[in-house]
Amino acid sequence: MLEINEIFNAARVLNGVARHTALVAAPQINPEADVWLKTENLQLTGSFKLRGAYYKISQLSEEEKARGVIACSAGNHAQGVALGATHNGIRALICLPAGAPISKVEATKGFGADVCLVPGVYDDAYAKACELRDKHGYTFVHPFDDEKVIAGQGTIGLEILNDMPDVEAVIVPVGGGGLISGVAFAIKTLKPDVKVYGVQSSGAASMVVSLHDGKIEHLNSVSTIADGIAVKEPGVNTFDICSKYVDEVVTVSDDETAAAMLALIERHKLVAEGAGAVSVAAAMFNKVPIKGKKVVCLVSGGNIDVTTLSRVINKGLTKSGRNYTFRIDLDDKPGQLSGVCNVIAEKGGNIISVNHERINASTSINGCIISVELETRNADHIDEIRHALDGAGYKVLN
């Protein structure tokens, strides 16, 4: 059974290895709460995973170290294991999903580990790692369902309580549950009145479903931009700890996650991957009861490909009302497009692109449909432009 002394021991081992990451005020995330960010995206490997992986490896016996270590990962645990193994002079082999971000794959290699890419998602990489462990005798370092790993992640809870003794709620991303298990155990053991909320992607809600059903459930598939928490099934240890110590686990959509990532970039100059931003999304969109409370959102990681980040920014712009495309049914005659553009310009919209469809089954013989993509301020601004177009006699389809 996990004990609080194990987490304190992990803190001692990690001193000088893992960064004591800062708490950053984030008043614009939710004006109705006093929101702070625990910036594990600025951790040495770009993610909290370094803590649990390094502590686990540090506690291995000499015989276990001699066999070398193997791990499976969506990408962040891989870097923690690679760094921990290299520091301890141990060979490491990491099984990663073939679709893992290139930045995570290359960073894992850069920290000194060998990489085995496995078709599928995290659970497929896990199966391959177990197969290779049994075949070659490697020591397995589980990414979340291990008490030493959980203890390492729990050091974040100690840091939050040390830096903010009056914290009232902590919001934590959840994949397999290792992070929230450690954080919740540490916080609830030392200060039971603090609320601990978990957040999963709606496309990978294995812990939510399991807690609802009162038993570990296995999802047939997962689909989310938050690849770091795309886990089909929680662990035995993590499910047990979450059942006892976590107040509630909620979900956020990919659009909400993208909006949170955009808000972190724009308002706080922080880059977070999808898995790292779900906690912020929960605070932004009031998924948990934090009104009037002092809240810490744990931004668990920042390892994201630039190409993926570009797509996420575009999705975030749409979700936050900063980008919108109007489809307008027009008579196909001179001056119509100019009139539309004038209305939009008068209302402060900035046109990015225009697409003209002259032949369409839904249009009249003398009609056309134009799609006008705009940069806008927010949802209210979009409505203002829509009303202006309606008032000018234009037929707005959406």
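Trainee: What makes both faces of strand 3 (residues 69–72) count as covered?

Mentor: Val-69 and Ala-71 on one side, and Ile-70 and Cys-72 on the other, are all buried, a word that stands for under 20% relative accessible area, with exposed meaning over 50% and partly exposed the range in between (1.4 Å probe, protein chains only). In a regular strand the side chains alternate between the two faces of the sheet. This is a predicted model, in which local features need pLDDT of at least 70 and side-chain atom pairs count only at pLDDT 80 or more, while totals for chains, interfaces and linings use all residues. Residues are numbered from 1 along each chain as its sequence is written, and side-chain values use heavy atoms, with hydrogens and water left out.

Trainee: How do you know that strand 3 and strand 4 (residues 92–97) pair?

Mentor: Pairing requires that DSSP find at least two bridges between two strands, and strands themselves are DSSP runs (E, at least two residues; helices are H or I, at least four), numbered from the N terminus. Strand 3 and strand 4 have four bridges in the parallel sense, so they meet the condition of at least two. Within this pair, Val-69 stands opposite Ala-92 in strand 4.

Trainee: Why are strand 12 (350–357) and strand 14 (395–396) said to stand at the edges?

Mentor: Four strands form an open, antiparallel sheet in the order 12-13-11-14. Strand 12 and strand 14 each have a single partner strand, so one side of each is left without a neighbour in the sheet. For strand 12, seven bridges join it to strand 13 (residues 367–375), and Ser-353 stands opposite Glu-373 in strand 13.

Trainee: Why is Leu-309 called buried, and what is its relative accessible area?

Mentor: Leu-309, in helix 13 (residues 306–319), has a relative accessible area of 15%, and because that is under 20% the word buried applies. Leaving aside neighbours within four places in sequence, Leu-309 is in contact (heavy atoms within 4.5 Å) with Ile-265, Val-271 and Ile-304.

Trainee: What share of the chain counts as buried?

Mentor: Of the 398 residues, 55% count as buried, in a chain whose secondary structure comes to 15 helices and 14 strands.
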